[in-house]
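Student: I would like to go through this structure with you. Could we begin with how some of the strands pair?

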Amino acid sequence: MRFALLITALTVCLSVSAQTEIGYVYGYITDEESEPVVEAAIFVNSQFKGTSNAAGYYKVDVPVGQEVSIRVDAYSKSQFDSFRLRKAGDQRRKDYIFKVTNVRLGTAEVTGQVRNKPILEIDPKDQVKFPGMQVEQALLRTAIGVASRNELSSSYNVRGGNFDENLIYVNDIEVYRPFLARSGQQEGLSFVNPHMTNKVSFSAGGFDAKYGDKLSSVLDVKYNQPRKFAGTASLSMLGASLHVEDQPGRTGRFTYVLGARYRTLQYVLNTLDVAGDYKPRFTDIQALFSYRLHSMWKVEYFTTYAQNSYLVIPESRSTSFGTLQSAVRLFVAFDGQELTEYQTWLNAATLEFRPSPKSRIKFITSNFNSRELEYYTVEGAYRLEELENNLGSDNFAQAKSLLGIGYFINNARNRLEYNVSSQKLVGTHEKGRHLIDWGTKYQTEIIHDKLREWQYNDSAGYNHTSQPHAPDEIVLDEFLASRNNLSSYRMTGFVQDRIMLNKAIDMRLTVGVRSHYWSLNGQNVISPRGTFSIEPNKKYNDTIRNAHYLLFDNKYLTKKERDELMARFPDLDSVLYNNLKRSWVFRFSSGVYYQPPFYRELRNSSGVVNMDLRAQRSIHFVAGADLLFKAWTRDFRFVGEVYYKMLDNLIPYTINNVRLRYDAVNSSYGYAGGFDARINGEFIKGLESWLNFSFLTTKENITFEDDNGEKQTGFIRRPTDQRINFSILFQDELPTDSTFKMHLNLVIGSSLPYYFNGPYRYEERFKLPAYRRVDIGFSKELLTRSKLERNSLTRPFNSLWMSLEVFNMLQVNNTASYIWVEDLNNNLYGVPNYLTGRRLNLKLIAEF
């Protein structure tokens, strides 16, 4: 039966008679941001003619003297055109623009851009519908290997790495996180504006040599290249945003995208244990302008300004913790205030040159400047109480006995300014089966750092007499003071080749190497990387799909011919797809990944800078599989990866909330390994949902010195060793009203080891408990497009909808960090700093 079907399809294919006289049709196939669509399939009169190259260019021959039908397939969509060439040798240009969306499954062809690389493409417009407080977390909820346990922070960990080990690019420009932030609520707005974003690509490991030098992951964000006027306005209890974009004029040469955001977390921060006057104010403005000078020349200018200010005047704190058998409460009365400010500027200009359809060269110059300020003076008096745990007592949960009292002052006057300027030249060239990428970058860094902070503690049973001092002196528990001014440059370069080994089964090999030299420590590192991928059943499945298209979707096949065919083969439609083989794609990636230090790694907890620090190294081995399948007659996708990373020259660190404190020495080596899996698809028809599961283990062996000389810890868990991480993003709608939808986000992460500077720095004595959180949102499209058009006031809008979000619906007390308090007997208590509690958020969004 299968043989007969293939013969039937072949007969239809050959029914178009051959022409001796030919002309040509050519052009570019791009996405909405003018990026080339690679390997879009071109069909002429239902016959496959070829694919677009790395520049999105195609050229195919067509018969002359007759009506010709053209079909172009890309991103699981098809575009059609028809025309007639009069004489032999005539040529006609036809360009196609495709909208990039998530992978669509089922019978449609899935392009090789999505599945044969260790890169996950994410649709930002889908992810921002789910309830959440930070953009990066929203964008990466569906990515495998990603863990985050602080809803106030934009930080995330990937496969055992810390958030400093993640590359983030916006329009090919690397951006940086704040350095001085101690807690998530101080970070402010994330750099990425989701409403301006068109395309997000993410890799959890094994990424190509064209990306930079970090140990864990890369997040590559591309902003919109609009084709028409559009915009978004949103207003919520957490802030507001506005974005507009357009391609004005008839020539289509000029485009712009503008965005402004304002955010305040005051409403959410009032759920924290620390009561006080919170005044967080976060704003930013971003703009992207593009102008096409010529068919071969294009210029872009990208600029951003952000002002983030976090001011809190604490009043008191009451935290109950422990177990029913041993319940304890800490009460603190505060005085003073805390101020954290960040100002960042980014300016970048890009000149793009396309000398031929198979070549593209870009020159990018950028300047990133950040000024960070951390001023605080906070004093407090506290008491530690044991609580009554007898359920039958009238004083249940009230203070039973006093465990300790004390007083403290924390003071800091810290300033940090850094400026990063870079000039980058990159190119792409296609030649036969080879797609060659290359690039070089020169980067300068200027850093001015002033650190001055001290801490004083005084509690019952605790004194400072162990430290020699004069009678009229005050002995501080901690005093840090330093001034550091650094100036250095980096030179990087890469070259890589993507080779099509066998097009029929989409067998590809990507090999590349990059180099990184840093003037401060004089070290140059070389990083070879490679990826192999194959889709073993592609040729067979493409034959079946093309046969189906020719027999059922080809508008040039007459109804009579189709009816005759169905009479002869009544079950042909279902039989064709029942004979499809499983659509597997297998990948293997390996490479050497260095992370030369930036300023955060150079400075230890005492403020001393180690200029001889060397680059950390990670060797990746990643094997992955990607499967498209059907369940309950709906489309699903499974992605799974097994990985192992060999780590050496590591710089040990501790994490307190979101503050990383490095030891500033290469004194550790270790490993990370695990398994990540994701299933996504239409659990509810027409609505895509995601289910992620990760297992991880990462350990290190640290060499350190104490009073007895040099020692090793043996392999202990790293601070990011979260063994299990599970998440669900689920969408649903009312069967009777599709304008009413529900978005559920559930995250469960197992416990983490918790280390802090002191006598137990290298011992696994403490843990952060498991992270559990459920956010849910209910959205209602208030006015559909048809209703909006009826009123002249609302006609400019495409949609208007409202959502009600419930953050931390189950009111789980998740722990961000600990503070340490001693009782009268010098017993140490770890008092948890809890994250935010349950809160409602009302949001109104208009799209126009």
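Tutor: Strand E12 (residues 166-170) and strand E15 (residues 217-223) run parallel to each other and pair over five bridges. Strands are DSSP runs of E with at least two residues, numbered from the N terminus, and two strands pair if DSSP finds at least two bridges between them. This is a predicted model, in which local features need pLDDT of at least 70, side-chain atom pairs count only at pLDDT 80 or more, and totals for chains, interfaces and linings use all residues. Residues are numbered from 1 along each chain as its sequence is written, and side-chain values use heavy atoms, with hydrogens and water left out.

Student: Which residue stands opposite Leu-167 in E15?

Tutor: That residue is Val-218.

Student: What is the strand order in the open sheet?

Tutor: The order is E9-E14-E15-E12-E13, with mixed pairing. Strand E9 (120-122) and strand E13 (173-174) are the edges, each pairing on one side only.

Student: Changing topic, where is Arg-71?

Tutor: Arg-71 is in strand E5 (residues 67-74).

Student: Is Arg-71 buried or exposed?

Tutor: Arg-71 is buried, because its relative accessible area is 8%; buried means under 20%, exposed over 50%, and partly exposed in between (1.4 Å probe, protein chains only).

Student: And which side chain does the side chain of Arg-71 join in a polar contact?

Tutor: The partner is Asp-73, at 2.4 Å. A polar contact is a pair of N or O atoms within 3.5 Å; within protein, one must be able to donate a hydrogen and the other to accept it, and residues adjacent in sequence count only if both atoms are side-chain atoms.

Note on methods:
Helices (H or I, at least four residues) and strands (E, at least two) are DSSP runs, numbered from the N terminus.
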